[in-house]
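Hi,

Here is the structure I promised to send over.

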Amino acid sequence: CALPGLEMSIMRSIRSALVVAAVVTLVRGASATALAEADGAAERTLLEQGRATYDRICFACHTMTPPPRNAPPIVGLAAHLHARFANRDDAVAHIVDYVRAPTAAKSVLPPQAIQRWGGVMPPLALPEAELRAVAIWLWEQHDPAFQHRGPGMGPGGPPPGRGPPGR
């Protein structure tokens, strides 16, 4: 009868289709994995570049954590950024703009903190790529466990001789 031969032909066709589907799935999965690995490597490179800029330039005034030196600690700035911006892209654009031309109106710090630090930072003329890398790095320094003592007063309190008026 022709029926068993037809069944075998259908079974072979189904088996071939399943093999093709499995190969396509494997290739897509491998491509997705390769893309994810490339994205991860690019992200690590950006963070390393941002940290290098912090070490070379920003560290002169900004410590990572309290006690502060001459400017707010990075962990406090990151907390203010995360409180103000819902996503990294918006925060990075803001940081780049702020660092180029800082003003009290653009600051993520409350007015008391700006007063505490004697105003805003000086503008920095850095290349766009370097500004973006340090801005991404800054955003990623967020520590949800970090707690402020009060407006403009991180856990370290004011630096010696740099407290707000009346203290």
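Before the helix pair, one bit of background: axes here are lines fitted to C-alpha atoms, for helices over the stretch in contact, and the angles between N-to-C directions run from 0 to 180 degrees. Please keep in mind that this is a predicted model.

First, the overall picture. Among contacts with a separation of 6 or more, 61% are between residues 24 or more positions apart.

Now the pair I looked at, α3 and α5. Helix α3 covers residues 88-100 and helix α5 covers residues 128-140; their axes come within 9 Å and cross at roughly 125°. Because of that angle, α3 counts as oblique to α5. The crossing of α3 past α5 is right-handed.

Which residues in α3 and α5 meet? On the α3 side they are Arg88, Ala91, Val92, Ile95, Val96, Val99 and Arg100. Their partners in α5 are Glu128, Leu131, Arg132, Ala135, Ile136, Leu138, Trp139 and Glu140. Sorted by class, this contact of α3 with α5 has 10 nonpolar and 5 charged residues, and no polar ones.

That's what I have for now.

Cheers

Technical notes. Residues are numbered from 1 along each chain as its sequence is written. This is a predicted model: local features need pLDDT of at least 70, side-chain atom pairs count only at pLDDT 80 or more; totals for chains, interfaces and linings use all residues. Side-chain values use heavy atoms; hydrogens and water are left out. Helices (H or I, at least four residues) and strands (E, at least two) are DSSP runs, numbered from the N terminus. Angles under 35 degrees count as roughly parallel, over 145 as roughly antiparallel, 65 to 115 as roughly perpendicular and the rest as oblique. A crossing is left-handed if the near helix is turned anticlockwise from the far one by less than a right angle, and right-handed if clockwise. Contact means heavy atoms within 4.5 Å. Ala, Val, Leu, Ile, Met, Phe, Trp, Tyr, Cys and Pro count as nonpolar, Asp, Glu, Lys and Arg as charged, and the others, Gly among them, as polar.
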